[in-house]
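Happy to walk through this one with you.

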Amino acid sequence: MLLMRGLVIKSTGSWYTVRTDDGRDIESKIKGNFRLKDIKSTNPIAVGDRVQIDMNSEGTAFISSIEERKNYIIRRASNLSKQAHIIAANLDQAMLIVTVNYPITTTIFMDRFLATAMAYRIPVKLVFNKTDRYNMEDRKAMEGLIELYTSIGYPCSTLCARSGEGLEALRGDLRGKVTLLSGHSGVGKSTIINQLVPGVNLRTGEISEYHNKGTHTTTFSEMIPLPDGGYLIDTPGIKGFGTIEMAGSEISHYFPELFKYSAECRFNNCTHRHEPGCAVLRAVEEGLISLSRYKSYLSIMDDQKESKYREEF
């Protein structure tokens, strides 16, 4: 057998496409004993992983080992409460594509993603798409969200993927980097990729007018090379973002504004729920911390107690 190194550029669940260091794409499977190692996730290998493969005479290969990850981002597997699902590994950044409407992206979903990315040291930019469809009320809501998240330290930009407005700035942010593109189904991820990468022709889905939710068009995760260098990681749209592997005492660390005020709490182990002398609660009451962000913090705290997270997040 021939041993080679490569990058996992596509995962369909049972097969992985590995791009070898000499530029070949090899269909690969995981070696049987690989799953027995202490990995409590539904997918021990993710797109973005660097791996070693054993080539066989048929032109396929077994993945025999995985190299150490720089970082990764995970969420709770929706069907298995105690297990994680690794979305992608070895990222330079993530772009969370959000829509104020068509479909609605809730602040709880956004905050869960942002907190998880911060826990795994992945910088995130919020990209507000579908600006062409917003009425005055939607635009006002978008401006309020941009003001909130910018004040916390998250860069935000606006985009109309359909017309291409705002696309040039996005292209510059992506150049030379490995970027995870994430968000609900229907927020326009496939349209964005089709605009950025000529000839890739990803399927785009319709929004259900009745439910105002998107339909899944991407069914597997894939790394797409960008013309100017770097990769976009396209993943299936996420319905809910259940957090996992977060200790209750650490959760406020992943909300920069809560962490800032928590230094002034009377108790070191303050949960920022009901304790006397809690500086976070005082800041919420005084409008220094947004109520929506505080509610998101509480929802993640509640994840620790529940065996299964609620899908609507």
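Q: Leaving out residues up to four places away in sequence, which residues does Ser11 touch?
A: In this predicted model, Ser11 sits in strand β1, which covers residues 2–11. Its relative accessibility is 14%, and the cut-off for buried is under 20%, so Ser11 counts as buried. Not counting residues up to four places away in sequence, Ser11 touches Tyr16, Val47, Phe220 and Ser221.

Q: What share of the residues of the protein chain counts as buried?
A: Let's step back to the whole chain for a moment. The protein chain has seven helices and 15 strands. Among its contacts between residues at least 6 apart in sequence, 66% join residues at least 24 apart. Of the 313 residues, the part that counts as buried is 50%.

Q: Leaving aside neighbours within four places in sequence, which residues are in contact with Tyr149?
A: Tyr149 is one of the residues with the most contacts inside the largest nonpolar core. Leaving aside neighbours within four places in sequence, the residues in contact with Tyr149 are Thr107, Met110, Asp111, Leu114, Leu126, Tyr154, Cys156 and Arg293.

Q: Why do the buried residues of α4 line one face of the helix, and within what arc do they fall?
A: Helix α4 spans residues 189–196, and its buried residues are Lys189, Ser190, Ile192, Ile193 and Leu196. Looking down the axis of α4, these buried residues line one face of the helix because they fall within an arc of 160°.

Q: Which exposed residues does α3 carry on the face turned away from its buried side?
A: The buried residues of α3 are Leu167, Leu170 and Leu174. They cover an arc of only 60° around the axis, so they are on the same side of α3. What covers them includes β8, β9 (124–128), β11, α4 and β15. The face turned away from this buried side carries the exposed residues Glu168 and Ala169.

Q: How much space lies in the largest cavity?
A: Rolling a probe the size of a water molecule over the atoms shows where empty space is left. The structure holds one cavity of 30 Å³ or more. Its lining is made up of Arg171, Leu174, Arg175, Leu196, Leu226, Pro227, Asp228 and Gly229, which by class are four nonpolar, one polar and three charged residues. The space in the largest cavity is about 60 Å³.

Q: What is the omega of the peptide bond from Tyr102 to Pro103?
A: Most residues other than glycine have a negative phi, and most peptide bonds are trans. Tyr102 is in the loop between β8 and α1, and has a positive phi of about 60° although it is not a glycine. The peptide bond from Tyr102 to Pro103 is cis, with omega near -5°.

Q: Is His272 buried or exposed?
A: His272 has its place in the loop between α5 (256–262) and α6 (279–285). Its phi is near 60°, a positive value in a residue other than glycine. With a relative accessibility of 3%, His272 counts as buried.

Q: How far apart in space are Val284 and Leu258, C-alpha to C-alpha?
A: Val284 lies in helix α6 and is buried, with a relative accessible area of 16%. Leaving aside neighbours within four places in sequence, Val284 is in contact with Ile289, Leu291 and Tyr294. Val284 and Leu258 are 26 residues apart in sequence, and their C-alpha to C-alpha distance is 9.3 Å.

Methods:
Residues are numbered from 1 along each chain as its sequence is written. This is a predicted model: local features need pLDDT of at least 70, side-chain atom pairs count only at pLDDT 80 or more; totals for chains, interfaces and linings use all residues. Side-chain values use heavy atoms; hydrogens and water are left out. On a 1 Å grid over the protein atoms alone, a cavity is a set of points where a 1.4 Å probe fits but cannot get out, and a pocket is an open set with protein on both sides within 12 Å along at least five of seven lines; lining residues have an atom within 4 Å of a point. Grid points are joined across faces, edges and corners, and a volume is the space filled by probe spheres set on the points. Ala, Val, Leu, Ile, Met, Phe, Trp, Tyr, Cys and Pro count as nonpolar, Asp, Glu, Lys and Arg as charged, and the others, Gly among them, as polar. Buried means under 20% relative accessible area, exposed over 50%, partly exposed in between (1.4 Å probe, protein chains only). Helices (H or I, at least four residues) and strands (E, at least two) are DSSP runs, numbered from the N terminus. The arc is that of the directions from the helix axis to the C-beta atoms. A nonpolar core is a set of buried Ala, Val, Leu, Ile, Met, Phe, Trp, Tyr and Cys residues joined through side-chain atoms within 4.5 Å. Contact means heavy atoms within 4.5 Å.
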